[in-house]
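Please take a look at the sequence and the structure below. Turn the model around for a moment, and then let us walk through it together.

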Amino acid sequence: MWRRLRSALGRLRRSPAALLAGGGRPPAAAAAAAMERAVVRCVPSEPKLSLRFVLPDGSARHMQRDQAEPLGRALARIATNAAKGPAKAAKKSKKARAEGSPAGEAAVAAPAVRLFSRDGEAVAEEVPNAAAWQDGAVLQIGEAQYRVERNPPALTELRLPRSLLAGFPVCPKVSAEFAAPQHCLFRWYREQRPAGGGGETAGGDGPAWVEAPGGERVFTPSNAVVGLRLKLRCTPGDGAQRYGPPREVESSGPVEAGPGACTFDSRHLYTKKVCGQGSIRAVSYNILADTYAQTEFSRTVLYPYCAPYALELDYRQNLLKKELAGYSADLLCLQEVDKSVFVDSLAPALDAFGLEGLFKIKEKQHEGLATFYRRDKFSLLSRHDIAFSEALLSDPLHKELRDKLAQYPLVQEKVLQRSSVLQVSVLQSATDPSRKVCVANTHLYWHPKGGNIRLIQIAVALSHIKHIACDLYPSIPVIFCGDFNSTPSSGTYSFINSGVIAEDHEDWVSSGEEERCNMPLSHPFKLLSACGEPAYTNYVGGFHGCLDYIFIDKNALEVEQVIPLPSHEEVTTHQALPSVSHPSDHIALICDLKWK
């Protein structure tokens, strides 16, 4: 580690500054760019600050000091550290001398160490470290000077996706401290295709790299790059013209050929631009969790028609990121989102396209819900996520339903075993603060005979949403997206649409007479399925039907346009979904809404 640190800091050394007598005051006009760097990391939430610098003998120093400690103690420790190098050198020199040399080792005096503020004044030794080490200050160790850089931009992670396809956006994962990806500088390179067909330059020093045009955070390789690897050089920046040391990363493999036409290409023709400030483009999409796609049952029973490589997560992520980015959405409600996919793939990629992401995991699974909103259109006011089973058990809002359900212990047990969740986010318009919207996202129980379970889950959901949209934020409109696992003929759809469900509805006996539970339910909303009732939103080998919806508050919102679904011919080109040209077994719903 120290070798890497010494090398990294050594590369950043500047030419020596004008030498000063020990303990003297540096001239105010000392050229900062000519000094060494002393990098200070000081975060209020942490008890210690760190200090890194390279001594004149080339040895790197990394110190941790209490933020509340007086500066004098830190300077004394630096002086002791600085004297260690010359002391070791003197000891080695003595051993090399003849046996008759004088006894004892000549003491090496510690150098004078002082810290000066940006205006050249010596910082008092009783000042706490947190206040003393300011950006632009000058640390003097003997005759050497160091320019203090406090919390400079730094990359903590830079990673490229494992799978790269020509014609599909490459979105790096960029994590930084004291910096933001939108302020970083990006330079992309491709391997130079060798004349002789080999993989390295004639000198054997590895591949030669050619800079690719663009310089943007997201890079889309062309067909000309197929077979070549990519390299990214990223320089972290903080938006205030401060930049940290760059880092480079190379792709683990070459760019591969893309699949050609995809099911979403024609839909992108309608969504090339973000819609206007008075409109909201909403998308709801079950993206098929990897935890379900990568099972033997999925490969052999559910999706035997799908090429195995097209079920691989890396491949599907390429398609998914291109699809979602091309919709230019203001709101994206996704279901079946693996936690790792959200953190490592979707959140970094969609952040590059201006979308902020929120995630709610199912406690018993590795997947959950994700809601993304466009940053320049909305800000997040509050989050109100729940797990249905937990809310039903403990929230006073659901006491009446809880008491009714207690009369049906078999059904109650099934409901409480489910890990389904509801994600609710209250957003405020960036241009008109009086406009707020309650965005709900859910994925209801999947079993074909679980109509009664879904009715109870949706009753909990609508009661919770009522509390937010009527009590906490009176009269704000609702957009309720999700995979409801309910066709238009189901009790769940009827209940959402009409506001009531009768106690004798057939879905109350969906699991048979043993699990019958009869209870009338109602909710106060006037909800409309914005995309109507498509023939199907889920198309697999053994089933096709409409399970996904975007419900809107028809008192406050109206539909401007619905983006057409892919044609039946496109959906069935490879028999069913997913396929080499479509990343999920569901189809995204997309509509443009406007405020009434």
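Of the contacts in the protein with a separation of 6 or more, 70% are between residues 24 or more positions apart; contact here means heavy atoms within 4.5 Å. You are looking at a predicted model, in which local features need pLDDT of at least 70 and side-chain atom pairs count only at pLDDT 80 or more, while totals for chains, interfaces and linings use all residues. Residues are numbered from 1 along each chain as its sequence is written, and side-chain values use heavy atoms, with hydrogens and water left out.

The protein holds 15 helices and 29 strands. These are DSSP runs numbered from the N terminus: helices are H or I with at least four residues, and strands are E with at least two. Of the 596 residues, 50% are buried. Buried means under 20% relative accessible area, exposed means over 50%, and partly exposed is in between, using a 1.4 Å probe and protein chains only.

Let us begin with the interior. In soluble globular proteins, nonpolar side chains tend to be buried together. A nonpolar core is a set of buried Ala, Val, Leu, Ile, Met, Phe, Trp, Tyr and Cys residues joined through side-chain atoms within 4.5 Å. Here the largest nonpolar core has 45 residues, and the members that touch the most others are Leu422, Ile456, Ile458, Ile465 and Phe480. Helix α13, residues 451-472, gives the most to this core, with 11 residues. Which residues does Ile456 touch, not counting those up to four places away in sequence? They are Leu392, Leu401, Leu405, Val411, Val415, Trp508 and Cys517. Another core, of 44 residues, lies apart from the largest one, and its members include Phe168, Tyr305, Ile563 and Val580.

With strand β17 (residues 378-383), β19 pairs in the antiparallel sense over five bridges, and Phe378 has Ser429 as its bridge partner. Strand β18 (residues 386-387) is antiparallel to β19 as well, over two bridges, with Ala387 opposite Val421. Strand β20 (residues 436-443) runs antiparallel to β19 and is joined to it by seven bridges. In that pair, Gln428 has Lys436 as its bridge partner. β19 and β20 form a hairpin, with six residues between them.

Now move toward the start of the chain. In what order do the strands of the open sheet of six strands stand? The order is β3-β2-β1-β6-β5-β4, and the pairing is mixed. Strands β3 (60-66) and β4 (113-116) are the edges, each pairing on one side only. On average, neighbouring strands in this sheet are turned by 25° against each other, direction ignored. Strand β2 (residues 48-54) runs antiparallel to β3, and seven bridges join them. Within this pair, Val54 stands opposite Ala60.

Next, look for two helices packed together. Helix α8 (residues 313-326) and helix α9 (residues 339-351) pack at an angle of about 30°, with their axes 10 Å apart. Axes are lines fitted to C-alpha atoms, for helices over the stretch in contact, and angles run from 0 to 180 degrees between N-to-C directions. α8 is therefore roughly parallel to α9, since angles under 35 degrees count as roughly parallel, over 145 as roughly antiparallel, 65 to 115 as roughly perpendicular and the rest as oblique. On the α8 side, the contact is made by Leu313, Gln317, Leu320, Lys321, Leu324 and Ala325, and on the α9 side by Val341, Ser345, Leu346, Ala349 and Leu350.

Finally, some loops deserve a visit. Asn151, in the loop between β6 (144-150) and β7 (154-159), has phi near 50°, a positive value in a residue other than glycine. Leu288 sits in the loop between β13 (279-286) and α5 (290-293), and its phi, near 65°, is positive too. Is Leu288 buried or exposed? With 3% relative accessibility, Leu288 counts as buried. The peptide bond from Leu577 to Pro578 is cis, with omega near -5°, and Pro578 lies in the loop between α15 (568-571) and β29 (589-595).

Conventions: Pairing = 2+ DSSP bridges.
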